[in-house]
Amino acid sequence: MKIRSAEILISAVKPAQYPEDINQPEIAMAGRSNVGKSSTINMLLNRRKLARTSSSPGKTQTLNFYGINDEFRLVDLPGYGYAKVSKSAKATWGNMMETYLSGRENLVAVFLLVDIRHKPTAQDKQMYEWIKHFGFQGIVIATKSDKISRGQRQKHLSIIKKELEMEADDILIPVSAQNRDGKEHVWSLIEELFRV
Ligand code: GTP
Ligand code: MG
């Protein structure tokens, strides 16, 4: 994918704030706090600081819409599983996510990001079920692939597949925002998703 332009369009918390033009398809990134959603968006767009990242979890708290080439959007979703979150903040998160995932007409895919080093959590499993429940294809991005050796990779990917009960048609792609591993693979998948 040739990136001619990439910009933040809006940080939204409710549908009235979502970008209006629903002729542009959207792909969203879901996953635990700190898994690397914002970093992966920057990596895909060749931009170091477009999406704000942080070493402490809970950085992204809103639905952040990024416009690319004035043709499509990537959506950075707020993370879950962050311990210091109040009950009411969790409820807000749930409502915000459900409203977007269930109601957004031009949402073509939701990628679930999990850390390649760790076994998916109960919340990761729930998120994956949710994604499928809303009718999206199962697509998982295993982040931070630079943190494990090549020799360990298959073992870690197998654990993720098994824990999430991934099916034969589901897709699992290891990526690294640090060394850009998997970038072309993700772009070819995105291009394929836009063709259908
Ligand atoms: P929230 O916004 O809190 O939900 O987190 P996030 O999923 O957007 O994570 P973010 O992109 O902010 O990254 C969290 C931390 O992981 C940062 O310190 C990043 O530098 C680091 N990180 C992200 N991706 C990678 C990667 O591929 N490799 C390595 N080594 N570190 C990464
Ligand atoms: Mg983030």
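Around ligand 1 sit 24 residues, and the ones that come nearest are Gly 36, Ser 39, Thr 53, Thr 60 and Gly 79; a residue is near a molecule if its C-beta atom, placed from the backbone, lies within 6 Å of it. This is a predicted model, so to speak with limits: local features need pLDDT of at least 70, side-chain atom pairs count only at pLDDT 80 or more, and totals for chains, interfaces and linings use all residues. Residues are numbered from 1 along each chain as its sequence is written, while chains are lettered from A and ligands numbered from 1 in the order in which they are written.

**Ligand shell**
- Helix α1 (residues 37–45) gives the most to the shell around ligand 1, namely 3 residues; helices (H or I, at least four residues) and strands (E, at least two) are DSSP runs, numbered from the N terminus.
- By type, the shell splits into 15 polar, 5 charged and 4 nonpolar residues. Here Ala, Val, Leu, Ile, Met, Phe, Trp, Tyr, Cys and Pro count as nonpolar, Asp, Glu, Lys and Arg as charged, and the others, Gly among them, as polar.

**The sheet**
- There's an open sheet of 7 strands with mixed pairing, in the order β1-β3-β4-β2-β5-β6-β7; two strands pair if DSSP finds at least two bridges between them.
- At the edges are β1 (6–12) and β7 (171–174), each pairing on one side only.
- From one strand to the next, the twist averages 25° (axes are lines fitted to C-alpha atoms, for helices over the stretch in contact, and angles run from 0 to 180 degrees between N-to-C directions).
- Strands β5 (residues 107–115) and β6 (residues 139–143) run parallel, joined by 5 bridges, and Leu 113 stands opposite Ile 141 in β6.

**Helices on the sheet**
- Helix α3 (residues 122–133) lies across β2 (26–31) and β5, at about 165° to β5; contact takes C-beta atoms, placed from the backbone, within 7 Å.
- Helix α4 (residues 150–163) lies across β5, β6 and β7, and runs at about 145° to β7.

**Whole chain**
- Read along the sequence, the pattern goes β-β-α-β-β-α-β-α-β-α-β-α.
- The radius of gyration is 16 Å, close to the 16 Å that the globule rule gives for 196 residues, so the chain is as compact as a globular protein of that length. That radius is taken over C-alpha atoms, and the rule is 2.2 Å times the number of residues to the power 0.38.
- Along its principal axes, the C-alpha trace spans about 45 × 40 × 30 Å.
- Among contacts between residues at least 6 apart in sequence, 72% join residues at least 24 apart.

Note on methods. Two residues are in contact if their C-beta atoms, placed from the backbone, lie within 7 Å.
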